[in-house]
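Q: I have a model open and would like to learn how to read its features one by one. Could you walk me through it?

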Amino acid sequence: MDDHTDQTRKPRADAVRNRERVLEAAKLVFSAGGSEASLEAVAKRAGVGIGTLYRHFPTREALFEAVYRREVEQLSELAEQLKNARDPVEALRRWLRSGVEFVATKKGMMAALALAVQSGSELHAFSFERLTKAIGSLLDRAVAAGEMRADINPEDLLRAFFGMCYVHDQPGWQATALRLLDVFVDGLRVPPPGKAKARAAKATKPAMKRKR
């Protein structure tokens, strides 16, 4: 009985490992984009035959959607891991920087996902809900700690993030997006009381001169 159980379990474990290898390989291949973003390239990178890939993902769209959902789930899990980080602002920054990798993968699949993730679709609702919840948990913690402005909501932050990632499509756009993210996050930080007063005083000086 035990031998039979082991024999029936082993293929399932192998199948799970193969599936994960394909998904991880697909993420890397699709992130690179270009002419190498093919299913054959994914199978080769995963170290499996193309037949194995098709057994798990019978269509190109099925593989793209699985990779997309996996990326969303991993970002949700990362938010949970970062909720207890010592510095809430840096936790939010780290999540956003990881999000750039997600966008890079998504860009590599954009044509195939165009219909699947259109506004109103189930996949779009799934991703927007999960990502909004994830970024919201980190934003709320930073606001509660008095480290970040309270006049921005998770939806605003998520839209601004995607805007920074999609405004550039040239090679090396990730470096630009990461730089913009740092500027954006720093701009949302609440300055210490002394700096805030000095900034306010400096802002009122030109107005006072004009009155004279």
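**Reading the helices and their contacts**

A: Gladly! Let's begin at a helix end: G47 comes after α2 and has a positive phi, near 75°. Keep in mind that this is a predicted model.

Q: Which residues of helix α2 are buried?

A: Burial here means under 20% relative accessible area. In α2, which spans residues 39–46, L39, V42, A43 and A46 are buried. They lie on the same side of the helix, because their arc around the axis is only 95°. Exposed residues K44 and R45 are on the other side of α2.

Q: Let's turn to aromatic rings. How many aromatic pairs are there?

A: Rings pair if their centres lie within 6.5 Å, and the count by this rule is five aromatic pairs. Take F162 and Y166: their ring centres are 6.3 Å apart and their planes are at 35°, so this pair is tilted. Both belong to helix α8 (residues 154–166), where being four residues apart separates them by about one helical turn. F162 is buried at 18% relative accessibility, whereas Y166, at 28%, is partly exposed.

Q: Which residues do ring pairs link into a cluster?

A: The cluster contains Y68, F102, F161, F162 and Y166. Charges meet rings too: the charged end of K106 sits over the ring of F162, 5.4 Å from its centre. R69 likewise places its charged end over the ring of F126, at 4.7 Å from the ring centre.

Q: What does R69 form with E65?

A: A salt bridge joins their side chains, with an N to O distance of 3.1 Å. E65 and R69 are four residues apart in helix α4 (residues 60–82), about one helical turn. E65 is partly exposed at 28% relative accessibility, and R69 is partly exposed at 23%.

Q: Where do R130 and E73 lie in the chain?

A: First, the contact: R130 and E73 form a salt bridge whose closest N and O atoms are 2.8 Å apart. This pair links distant parts of the chain, with R130 in helix α7 (residues 122–144) and E73 in helix α4, 57 residues apart.

Q: And what about R189 and E90?

A: They form a salt bridge as well, with the closest N and O atoms 3.6 Å apart. R189 is in the loop between α9 (173–188) and α10 (193–211) while E90 is in helix α5 (residues 88–108), so the bridge ties together parts 99 residues apart in sequence. Both residues belong to a network of salt bridges that links E90, R93, R97, E147, D182, D186 and R189.

Q: How many salt bridges does a search of the whole structure find?

A: The search finds 16 salt bridges.

Technical notes. Residues are numbered from 1 along each chain as its sequence is written. This is a predicted model: local features need pLDDT of at least 70, side-chain atom pairs count only at pLDDT 80 or more; totals for chains, interfaces and linings use all residues. Side-chain values use heavy atoms; hydrogens and water are left out. Rings of Phe, Tyr and Trp (its six-membered ring) pair if their centres lie within 6.5 Å; planes under 30 degrees apart count as stacked, over 60 as edge-to-face and the rest as tilted. Helices (H or I, at least four residues) and strands (E, at least two) are DSSP runs, numbered from the N terminus. Buried means under 20% relative accessible area, exposed over 50%, partly exposed in between (1.4 Å probe, protein chains only). A charge sits over a ring if NZ of Lys or CZ of Arg is within 6 Å of the ring centre and within 35 degrees of the ring normal. The arc is that of the directions from the helix axis to the C-beta atoms. A salt bridge is a side-chain nitrogen of Lys or Arg within 4 Å of a carboxyl oxygen of Asp or Glu.
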